[in-house]
Amino acid sequence: MSKYTEVKRITTNTLQAMKRDGVKISMLTAYDFSMAKIIDQAGIDIILVGDSASNVMHGHESTLPITLDQMISHAAAVRKAVERCFVVVDLPFGSYQGNSRAALDSAIRIMKEAGAHGVKIEGGSEILESAKRILSAGIPVMGHLGLTPQSIFKFGTYTVRAKEEAEAAKLIEDAHLLQETGCFGIVLEKIPAALGTRVAQELDIPIIGIGAGNGVDGQVLVSHDMFGITQDFSPRFLRRYLDLSSEMKGAVAQYIKDVKSGDFPNEKEQY
Ligand code: KIV
């Protein structure tokens, strides 16, 4: 047990101190009140209201269709449930790229209407002006490099990023730029472990990996994947901690049986 277990509220300062002390940071996604309450009470350090909600909550094939209004709705529900962890919310596709004024407006809406603690944006040098503008309003910003799902149609595939030297060099440069701009942390997605380790060693801010190996400062997973609610997504980096999909189907099958047979409700389950 570390001294951080006792911390009543996780802030960007806590996360920075955890990096300094070599204490790994835990992060999971949540998109609704009930799930966020369980994850926060279990002691997670960061909840990400990820735009992966586009896939796991709304059934879209990519993260691109989810809207700012939908992200605010998810984030507001999560924020109501949370007492301890830091809540960071993805700015969705189209709400911050190419126009830093729009980026600031989007981030302000997320902070005001959802009560978020910070926002996450994807990209490096391309979105630096947006990051700067949001930071100028005192809003904590987290970067996201490597596989950036909002650019999936540019990449064309979900394969490992930055395996080639030029792309790895750009990622390292972007990570430094994000740190210099004032970002409080960076997510690195699906890149070689050695590159993840290098970025975490070179930078002073926390580096959170998803498929970026064990040499980074913390890990993030999509909660629906690690709980085994989603079944059709099995990248190498995913560790499933539960098989909730099977458990839930079993419970539903039993409920149907009990209703059909007249076993439910019994004497004690009625008024
Ligand atoms: O939206 C999301 O869930 C994310 C994680 C994959 C880091 O950005």
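A residue is called buried if its relative accessible area is under 20%, exposed if it is over 50% and partly exposed in between, with a 1.4 Å probe and protein chains only. The model is predicted, so that local features need pLDDT of at least 70 and side-chain atom pairs pLDDT 80 or more, whereas totals for chains, interfaces and linings use all residues. Residues are numbered from 1 along each chain as its sequence is written, and side-chain values use heavy atoms, leaving out hydrogens and water.

Strands (E, at least two residues) and helices (H or I, at least four) are DSSP runs numbered from the N terminus. In strand β3, residues 86–90, five of the five residues are buried, so the strand is largely enclosed by the rest of the structure. Phe 86, Val 88 and Asp 90 point one way from β3, while Val 87 and Val 89 point the other way.

Two strands pair if DSSP finds at least two bridges between them. Strand β2 (residues 46–49) runs parallel to β3 and is joined to it by four bridges, with Val 49 partnered by Val 89. Strand β4 (residues 118–120) also pairs with β3 in the parallel sense, over three bridges, and here Val 89 stands opposite Val 119.

Asp 90 is also among the residues around the ligand, which include Asp 51, Ser 52 and Lys 120, each having a heavy atom within 4 Å of the molecule. A polar side-chain atom of Asp 90 lies 3.1 Å from an oxygen atom of the ligand, and for a side-chain N or O atom of Ser 52 the distance to a ligand oxygen is 2.5 Å.

Note on methods:
Polar contact = N/O pair within 3.5 Å; in protein donor to acceptor, adjacent residues only side chain to side chain.
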